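Below are a few notes for a colleague who is meeting this structure for the first time. Please read them with the model open.

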Amino acid sequence: MTSSTSSSSSSTSPLDLIQAILRNGNTPSFESLSELLDNRQTVVILTTSIAVIIGCVVVVLIWRKSNGNGQKSKKPLEPTVKGPVEDPKVVDVDDGKKKVTIFFGTQTGTAEGFAKALSEEAKARYNKVVFNVVDLDDYAADDDEYENKLKKESFAFFFLATYGDGEPTDNAARFYKWFLEGNERGEWLQNLNFGVFGLGNRQYEHFNKVAKEVDEILADQGGKRIVPLGLGDDDQCIEDDFTAWREQVWPELDQLLRDQDDAPTVSTPYTAAIPEYRIVFYDPSDTLVEDKNWHNANGHAIVDAQHPCRANVVVRKELHTPESDRSCVHLEFDISGSGLKYETGDHVGVYCENLAETVEEALKVLGLSPDTYFSIHTDKEDGTPLEGSSLPPTFPPCTLRTALTQYADLLGSPKKSALLALAAHATNPTEADRLRYLASPVGKDEYSQWVVASQRSLLEVMTEFPSARPPIGVFFAAVAPRLQPRYYSISSSPRMAQGRIHVTCALVYDKTLTGRIHKGICSTWMKNAKPLEESNDCSWAPIYVRTSNFKLPADSKVPVIMIGPGTGLAPFRGFLQERLALKEAGVELGPSVLFFGCRNRRMDFIYEDELDNFVKKGALDELVVAFSREGPKKEYVQHKMADRASDIWNMFSEGGYIYVCGDAKGMARDVHRTLHTIVQEQGSLGTTEAESMVKSLQTNGRHIENVHFYQITSIYLASRLAYPPEEYLIGQAPPDRSSTTTIEASIHRWNQQIEEKDRIDYVVVDLHSWTQSQTTAVARARRRSSFDEKNRSFIRRRLQMMMKGKMLMCIGEDLRVTGRTHSVDCDMFDRASMNLNYSL
C-alpha cells in the first residue's frame, strides 16, 4: 500500500509530458510513459493536443502556399463578370466640384468601353471635374431611388445599346422600363445637361430605338442636350461613329465645365493609353490542378449572364436527312435542380469554347508556351488601381491555353483600338505604320474593305503583321475582346418539356472572302456534343435564360399568325407545345396558321412529324409550307402569304397577332413588303396609309400588336430629315373618354410641346380602335355618322391652328361600332399634303 502511494505521488502528469515533448528533447522516461498510457484521461488529452498541433501546422502551410502561388480557379469557364466601376454613391457627396456621371447599358461590353474611354479623355482635359462611370443597373436599388438620384445630376452622358427587336440590354432594362413609364413627371430634369450615344445595327428595323427614346424623353422632361444624339452603327464601323460624336462633345464641355481662371485647353492631341493588365506568372509545378467539375447550382441567388449554371446535354439529334449538304441540330439541356426557369419565347445564352484548331493557331501567332500559367490584375502590387479604368473584367488564374480557349474572341474582326495596340508593339516600323493607318480616319475606307467587308479575323490580321506580338497583359486587355455567349430562341415550352431547354441550331460553316473557312463556335460544339443518353461523360455548357417579349397573346382565343422559315421555326415549336398543353387542359384556342419554309421536303423539313401532330391535335389549324428547291420556281414564305392575303387580313380584322422569326436582313424585309401589299389591297388603303399601318407592326422577331381598328389617341411628330419618317409619340388622350372635350384638352396640352420642336415639319394623326367602352355620347354621334363630319372638322380646324401652317397627315381605316361601319376618309386634311409628306 505504501509503495503504491509513493509511486503515485511521484508520477509524471499529462501536462508535464506535453510540455516535455514541445521542448524537443526533455522526454520523460519509458516508465513514466508507460504509466501515462495506462491512464485513459491522459491518453485522450495527449492525442487531442497532438491533433490540434498537426492541424495548425497544416493550415499554416496551406496559407503560405495560397499566398505564394495565387488561388486556383475551381470554375475554369467562369463567364465574364462586370468589372469594377466607380461607386455611384460618390455622386451624392457635395465637395464643391462639378461632377459628370457617365451611364452605360451594355450587352457585350462595347458601350461600357466607350463610356470609360470618354471618361479617361475627359479626366485629362478637365482635372477639376469628377467623372464617374456607372452601370445603370447599379445606379439605384429601386424606382424611387432612380428618380431621387437623377434629380441631383447636373451633367450626364448615356451610352445605350439596343439589341434584338428594339430591346434594352439586360443591365439597362430596369432603368428603361421605369424611365418610359414616367410621362406624368413633367419637366423635372431642368437642371440636367445630357448627351446620349446609341449603339445599334442599321440592318434592324428598330435601329437604336432605346437611345432615341431616352434622348427624346430626357429633352421632353426638361433636360438640355449638350450634343445631338449620336447613332452608332455596328453594321459599319461603330468606333468611327463614336469618335465623330465625341469630337462634338469637347467644345460644349469647354463652355460648361471650365472656369474663367482655368488654363486654356492644351493643343496637344489626346492619346489614349493602351490598356494593360498587371500579370503574375506562376511555376506550373506549384499550381493546383484546375477543377473542371461544375455543379448545377451556381452558388448565387440568381442565374444570369454573370452567374450562369452548368447544364448537361441530354439529347442531341440531327434534323436534316442524309441527302442534305447542311446540318441542323436539335439539342436538349437538362436544367432540373438548377433553379433555372424560362417562359415560352425566351432565349438561352450558351457559353462555348474556341475550337482546338483555333487555339493552336493563336498559340502559334503569339509564340508563347500553352502551359504558361498566369493571373491578370487591374491593380498595382501595392493595391492601388492601374491608371485608366477601361480594362475589361478579369478572369481566374489559368494556363494560356485555357485563357485562349474560354475567354478570348479570336475569330471576330479586330476593332481599330486593337490595331493601335498591335501597332504599339510592332517591331517592324512598316507594319506599325500600316496598322496605325488602318485605324486612322484617313484609312477608314480601307479598314472597312480590308477588315470588315472581308471578315478578316483577329488571328488573320495578326498573321499579316508578324512583328506585332503584344505581351499577355496587352493582348487580353486591348487586343482580344471577351468571348460572348451565343443566344438561341428556346424551341420548347416548360409546360411540355419540364426540366429541359430545347435548342434548334443550324451549323455555321462558311467560306469568307479571304478563303478562310469560318466554323461557328457554338454551332460546331452543338454538332459534336456528346449527349447523356449516349455517355455518362456527356457534354455540358454554362447557360442562362434571357427574357424576351416574344410571347403568345394573353388571351388564348386571339388569332395567331406565325412566319418562320428554317430555324426561325424554333420559337413557334415552343408556341405550339404551349398551345397543345393549354388545349389538353381544356382551354379554348383561337385560330392559328404557321408559314414555314425550307429547301426540299426530303432534306430539311425539320420537325415534320411534330408539326403534323400539332395540326392533328388542334394546336395548329393550318400548316403552310414553302419549298424553295422543289418546283420550277423558287417559292418562299412571302409568296405563300400573298396567296392567302384574304385569310391574313381577316385574322387581322379579328384582332390577330402576327409573329415573324428569322433572317432580319432578307426574309423579314420581304415579309414586311408582303404585309404592306396585303394591307394596302385588302384594306383598300393608299400607299401612305398602308406603310404607316405596317410600320406600326414589329415585324422582326416579336409579337405585333392588334392593328385592326383606329382611335384618335396619339399625335406623332415626324422629321423631314428622315425617310421613312421617324415618329415620336408626344402625348395620348385617355382611351376611355375620347370625347370632343377630351380631345380639345389634349390638343391644348400637346400644343405647348409641339411649339418647342422647331425641327418638326408635319404632324401625323394616328387613329386607333374605338371600342364599345367609349362614352355613350360619342357612340351615338358615330351611329348618326356625325363623327365623319363634325369631329373631323373640329380636329382639323384645331390642328391647323395649332401647327400654324405646317403640313398635316392622317392615317385611318373603317371605324366599326356594334356591327355598323362608318368610313373615315384618310385624306381628311389634305391629300396633296399627304402625298408630299410621303415623298420627302
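1. Two strands are taken to pair if DSSP finds at least two bridges between them. With that in mind, and remembering that this is a predicted model, one can turn to an open sheet of three strands, arranged in the order β8-β12-β13 with antiparallel pairing. Its edge strands are β8 (278-282) and β13 (398-399), each of which pairs on one side only.

2. Within that sheet, β8 and strand β12 (residues 373-377) run antiparallel and are joined by five bridges; I279 stands opposite I376 in β12.

3. Strand β5 (residues 193-200) is mostly covered, since eight of its eight residues are buried. Both faces take part in this: N193, G195, F197 and L199 are buried on one side, and F194, V196, G198 and G200 on the other.

4. As for the partners of β5, strand β3 (residues 155-163) runs parallel to β5 and is joined to it by seven bridges, with A161 standing opposite L199 in β5. Strand β6 (residues 224-225) also pairs with β5 in the parallel sense, over two bridges, and here N193 stands opposite K224 in β6.

5. Among the helices, the axes of α13 (residues 416-424) and α14 (residues 429-439) come within 8 Å and cross at roughly 160°. That angle makes α13 roughly antiparallel to α14, and α13 passes α14 in a left-handed crossing.

6. The residues that meet in this pair are K416, L419, L420, L422 and A423 from α13, and A432, L435, R436, L438 and A439 from α14. By class, the contact of α13 with α14 comprises eight nonpolar, two charged and no polar residues.

How values were computed:
Residues are numbered from 1 along each chain as its sequence is written. This is a predicted model: local features need pLDDT of at least 70, side-chain atom pairs count only at pLDDT 80 or more; totals for chains, interfaces and linings use all residues. Side-chain values use heavy atoms; hydrogens and water are left out. Axes are lines fitted to C-alpha atoms, for helices over the stretch in contact, and angles run from 0 to 180 degrees between N-to-C directions. Helices (H or I, at least four residues) and strands (E, at least two) are DSSP runs, numbered from the N terminus. Angles under 35 degrees count as roughly parallel, over 145 as roughly antiparallel, 65 to 115 as roughly perpendicular and the rest as oblique. A crossing is left-handed if the near helix is turned anticlockwise from the far one by less than a right angle, and right-handed if clockwise. Contact means heavy atoms within 4.5 Å. Ala, Val, Leu, Ile, Met, Phe, Trp, Tyr, Cys and Pro count as nonpolar, Asp, Glu, Lys and Arg as charged, and the others, Gly among them, as polar. Buried means under 20% relative accessible area, exposed over 50%, partly exposed in between (1.4 Å probe, protein chains only).
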